[in-house]
Amino acid sequence: MNKVTNLARKYRQAPWRTQRQWLGLVLLGVVMTAMVAGVYLNVAARGTLAGREVLDLNFEIAANKRTNANLQTKLAESSSAAAMQQHAQALGFTPASPEDIVYVVVPGYVPDPGFNLSTTTDQPPASIIMPEYRQTLFEWFFERIQSSSPAAGGQQ
Amino acid sequence: MKNDIFWRFRMVQVALILVGLAVIVQIVHIQNSPEAQLILEKGRTYVGSWQTIYPARGGIYDRQGHLLAGNQAVYEAGVDLATMKDANEIALAAQIYLKLDYTTVYAAITAPDPDVTYVVLDKFTAPENVLAFQGFQETLTGLSAKNLSAVYFQPHLIRSYPEKALASNVLGLITLDGGRRSFGIEEKYDSLLAGTAVKRWIPANPHDAQQVPEVPSSTTLILTLDREIQASMEEILDNAGQIYGAQSGSIIVADPRTGEILAMATTPRIDPNHYWDYDTALNSEAPYNRAISQAYEPGSVLKILTMAAALDKGVVQPGTIYNDVTGVIFVGGVPIHNWDNAAWGKQDMTGCLQHSLNVCLAWVATQLGKNDFYTYMQKFGLGHLTGIDLAGETTGRLKLPDDTDWYEVDLGTNAFGQGVSVTPIQMIMAASAIATNGQMPRPHVLQATVQAGRQHKIPIEIVGTPISSATAQTLNAMLVNSLENESSLALVPGYRLAGKTGTASIPTPDGYTSTRTNASFVGWGPVDDPKFIVYIWLEQPTTSIWGSETAAPVFKQVVQKLIVLMGIPPDQVRLSLSGH
């Protein structure tokens, strides 16, 4: 019995050691919390900055749109029918009469298809994600082989 | 001793727990109290705000890509009363740089309505005025600079018409605050041009800053109008008004094959940038666009429809002879006379059109019969809206035999355009059927829409086929001959043109007692491959009452301009080139 008690006493932690362990654990908790808080603050601050930047860019877009609208209107005013007629007259031009017109055949002439404001095509937009993030290793490997092989019909 | 200390600690522990619990209970109590709801409600107003984002109003272009209606940035100028120090200084600066009235500004910012913390001085301050104000502000230091910083400028877009009065009757107008869209394209396509507004939450907390949601862009419109043709037609019309002393007038130029309106000029016109001139320029009775909104008795131009109906029905042929022995015909017991009260003897149908004989055409209508005559007139679209895509169209009036105010004589008078009212757009649509192969396209002003970068063309719509292709060809030949035989002032050397003049007495409450007339002309060309159809209406010309002396020469001017602007070679050249 005594032997067992002695053995237990031998293996019992010293009080200072236990205290130190607790202290260590608390400190670890504090450090962990501080780290999480730091990361959180950093991310939150960056998020906020990005948010403000987005807002600023939106304001900038709105301002650019207004500038665009102004410039378009000013351009249209400067090239209005009345203004152009005035410019032409100032340069010494006179309105053409039917007798002034000479008609000639121009081989291959393609008439103006008309005003078109389309800005989009039916082709899907090119991906903005870099190939590294969307290609499999096999695809990358295959592409490299293809790009390094000589083009078909190339010089011998 | 040890127990005593233990109990003391226990007591303190319990007391602290009780205090903690009390705090928690009180927190819960406060959070659920009615006052808390009020505070929360008030707090929400500081958390952020909802903002409605409107897309910029869609632009309007002519068929060549010239901007007819766009947008322009202006500023709302306002004063934050909480940060304002010296009202006098602000009012003075507003007068000098923002061109505002000192007294009005001073009164607005010194005696605002209760609970008002922000006063709007002007909603539409020009950018150059704002720059001048801000330039002055930068030169100041100290209190004055701080005081003027209470003035805020908020930019926004307003409608702008860079071509000023050009085509204003077609475009319509929009008031500065965007609240009232009136007439024309602006009214007809308002929902497309305005686009869809998007509501967005703007948090006050910068941490919550969110991306502005994508606002779908509004629709841009491309019209069938050609700016150069429109400008020329307006110039010709304005000159004609002066030369012939007409009260007002209209010229419509269209493509008879498609119904596309190339130009629609009317007088008077206003600059829609200054829409407040509306009441001065157009008295309250004048319509904004009389080409579609004012019906009138067209007179002899309507004879082409009567003749088309009779030819199509087969009751007359071009060679059918009418013997005008007395210069008068009785329809429903009422005598109908020629324009000169003379008898013209034996005339074929081309002669009847050439000399514009009322008696002959009244006879043709009686041969046709009232049922067929009015069926054809309705097929030509008389008495109905054409459906042109402009706001404010009127139907005119075509009395029908079933109407209580229709009399037998109406068949005779309607045959030469009296007792029936039409709009110029109705006449041009009806005449298109004769100009082409009998098909009548709906007149329209919108050629294409542009939405999200994609352009959609508006398809051509055929409203009906009132006459056969063969009838159209026969009548074309008759009208060409009648113009050439008459040596009309409408003729243009080198081009085969078809057309008809009209001189209509203006009805008064006592009948056709007035000496005033409406002069009209409808014509098209080149006859074998029509590229344009033109309708001219001069209201009450004073130099001559006759359409042949007023509207016909205007038609010539119009055609001379069109062949240059549209690049239409003389018939001989065109036919020789077509072999290549």
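Visitor: Which residues of α20(B) are the buried ones?

Guide: In this predicted model, the buried residues of α20(B) are B:Ala551, B:Ala552, B:Val554, B:Phe555, B:Gln557, B:Val558, B:Val559, B:Lys561, B:Leu562, B:Ile563 and B:Leu565.

Visitor: Why is α20(B) called largely enclosed by the rest of the structure?

Guide: The word buried requires 20 or more other C-beta atoms within 10 Å of a residue's own. Of the 15 residues of α20(B), 11 are buried, and therefore the helix is described as largely enclosed. The cover over these buried residues includes α10 (227–243), β10 (248–254), β20 (498–505), β21 (517–525) and β22 (532–539) of chain B.

Visitor: Why does B:Ala362 count as buried?

Guide: The cut-off is 20 or more other C-beta atoms within 10 Å. B:Ala362 has 26 C-beta neighbours inside 10 Å, and so B:Ala362 counts as buried. This residue belongs to helix α15 (residues 358–368) of chain B.

Visitor: Which residues are in contact with B:Ala362, once neighbours within four places in sequence are left aside?

Guide: They are B:Ile329, B:Val331, B:Ile336, B:Gly412, B:Ala415 and B:Phe416. As for B:Leu411, it is 49 residues from B:Ala362 in sequence, yet the C-alpha atoms of the two are 7.3 Å apart in space.

Visitor: Which residues have the most contacts inside the largest nonpolar core?

Guide: They are B:Ile251 and B:Val253, in a core of 132 residues. Beyond residues up to four places away in sequence, B:Val253 touches B:Ile229, B:Met233, B:Leu262, B:Ala263, B:Phe532, B:Val534, B:Val558 and B:Leu562.

Visitor: How does the radius of gyration of chain B stand against that of a compact globule?

Guide: The globule rule is 2.2 Å times the number of residues to the power 0.38. For 580 residues a compact globule would come near 25 Å, whereas chain B has 35 Å. The C-alpha trace of chain B spans about 145 × 60 × 55 Å along its principal axes.

Visitor: What makes up the contact of chain A with chain B?

Guide: Chain A brings 30 residues and chain B brings 39. On the side of chain A, helix α2 (residues 15–78) gives the most, with 16 residues. By class, that side has 13 nonpolar, 13 polar and four charged residues.

Visitor: What confidence does the predictor attach to the complex and to chain B?

Guide: The complex receives an ipTM of 0.82 and a pTM of 0.84. On a scale from 0 to 100, chain B averages a pLDDT of 91, with 96% of the residues at 70 or above.

Note on methods. Residues numbered from 1 in each chain as written. Chains lettered and ligands numbered in written order. Predicted model: local features only at pLDDT ≥ 70, side-chain atom pairs only at ≥ 80, totals over all residues. Core = buried A, V, L, I, M, F, W, Y, C linked by C-beta atoms within 7 Å. Buried ≥ 20, exposed ≤ 12 C-beta atoms within 10 Å, placed from the backbone. Contact = placed C-beta atoms within 7 Å. pLDDT = per-residue confidence, 0-100. Helix = DSSP H or I, 4+ residues; strand = E, 2+ residues; numbered from the N terminus. Nonpolar A, V, L, I, M, F, W, Y, C, P; charged D, E, K, R; others polar.
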